[in-house]
Amino acid sequence: MTEQTPPSTKLRIRLRDATAPLHNQLNQQPLLVALLSNDFPLGHYQQLLGTYYSLYDQLEVDIKCYTTQQPIAFDYQRRYKTPLLLKDLTYWQLLPSPLGCQIALPDIKSLGQLVGILYVLEGSTLGASFIAKHLQQSYGYTPSTGSAFFNGYGEHTQSYWQSFITYINGYSDQPDLVAQAIDAACLTFACFTQALTNTQLSPSEAK
Ligand code: HEM
């Protein structure tokens, strides 16, 4: 067997390995790189929140729709992040708006697709907690002053992640589901990169 990740491997590891190049690509996206610098303009941060809002809003509407019709054996209710983004947008006195560009977000027509998308959204809370610390240290933003989204689950981030991967690993021996999850996760990463790259920074806010 020459494949790096054997088919018997747990689903989370399969997803991690399959999406690693796309996660790296996303981490190098200029807006996210600039976010981790010490002189990211507030206007750019606000535009970034706007792009995140439009992505999460669309994805979470689809997640809610799928899980309402086909309940899953996992409580996702308290994990929706659109309310955190709305809290930040309200704090910064911004109006939520739909994506400014056409992005074909992945469909959610099967449990495998749902699991792949949730993997990306739940995993993003891990990187986000590093970002939240940076935002607090460099700019003084806190969960109640404009960075609720990046703070995410706060001190519960690791335990939420562990319970999520326990859930998805239960599907590791279902090859069709695994394949659909991997495709959906890859597409979700690509959509994030595309949406951030298409975010038009307002010239008046440029450094
Ligand atoms: C500058 C931005 C980002 C940084 C610095 C970053 C960094 C990280 C780090 C350090 C981890 C591992 C954390 C740990 O194991 O405790 C991680 C995991 C992860 N991140 Fe990111 N991340 C960023 C953005 C994103 C975004 C925007 C997404 C998706 C929309 C994402 C998806 C994931 C996923 C799915 C994992 C879990 C990988 C696994 O299975 O172990 N990340 N990230």
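## A tour from the ligand outwards

Start at Tyr 119: an N or O atom of its side chain lies 2.6 Å from an oxygen atom of the ligand. That pair is a polar contact, meaning N or O atoms within 3.5 Å; within protein, one must be able to donate a hydrogen and the other to accept it, and residues adjacent in sequence count only if both atoms are side-chain atoms.

Before moving on, note that this is a predicted model: local features need pLDDT of at least 70, side-chain atom pairs count only at pLDDT 80 or more, and totals for chains, interfaces and linings use all residues. Numbering runs from 1 along each chain as its sequence is written, and side-chain values use heavy atoms, with hydrogens and water left out.

**Stop 1**

Select Arg 12. One of its polar side-chain atoms is 2.7 Å from an oxygen atom of the ligand. Next, select Gly 123. Here a polar backbone atom lies 3.3 Å from a nitrogen atom of the ligand. Helices H1 (11-27), H5 (111-139), H7 (157-169) and H8 (175-198) are the elements that give two or more residues to the shell. Helices (H or I, at least four residues) and strands (E, at least two) are DSSP runs, numbered from the N terminus.

Now show the whole shell. It has 20 residues, and the closest are Arg 12, His 23, Asn 27, Tyr 119 and Gly 123. Which helix gives the largest share of the shell? Colour H5: it supplies 8 residues. By class, the shell holds 12 nonpolar, 6 polar and 2 charged residues. Ala, Val, Leu, Ile, Met, Phe, Trp, Tyr, Cys and Pro count as nonpolar, Asp, Glu, Lys and Arg as charged, and the others, Gly among them, as polar.

**Stop 2: the largest pocket**

Hide the ligand. The space it takes is the largest pocket; a molecule sits in a pocket or cavity if more than half of its atoms lie within 2 Å of its grid points. On a 1 Å grid over the protein atoms alone, a pocket is an open set with protein on both sides within 12 Å along at least five of seven lines, a cavity is a set of points where a 1.4 Å probe fits but cannot get out, and lining residues have an atom within 4 Å of a point.

The volume of the largest pocket is about 610 Å³. Of its 26 lining residues, His 23, Asn 27, Gly 123, Ser 124 and Gly 127 lie nearest the centre. H5 gives the most to this lining, with 9 residues. The lining divides into 18 nonpolar, 6 polar and 2 charged residues.

**Stop 3: the cavity**

The count is 1 cavity of 30 Å³ or more. The largest cavity has a volume of about 40 Å³. Select its lining: Tyr 56, Lys 81, Ser 124, Thr 125, Ala 128, Phe 149, Phe 150, Asn 151 and Gly 152. H5 and helix H6 (148-151) are the elements that give two or more residues to this lining.

**Stop 4: two single residues**

Go to His 134, in helix H5. Is this residue buried or exposed? His 134 is buried, at 12% relative accessible area; buried means under 20%, exposed over 50%, and partly exposed in between (1.4 Å probe, protein chains only). A polar side-chain atom of His 134 is 3.5 Å from the backbone oxygen of Leu 36.

Finish at Gln 93, in the loop between helix H4 (82-91) and H5. Its phi is near 55°, a positive value in a residue other than glycine. Most residues other than glycine have a negative phi. Gln 93 counts as exposed, at 75% relative accessibility.

Conventions:
A residue is near a molecule or strand if one of its heavy atoms lies within 4 Å of it. Grid points are joined across faces, edges and corners, and a volume is the space filled by probe spheres set on the points.
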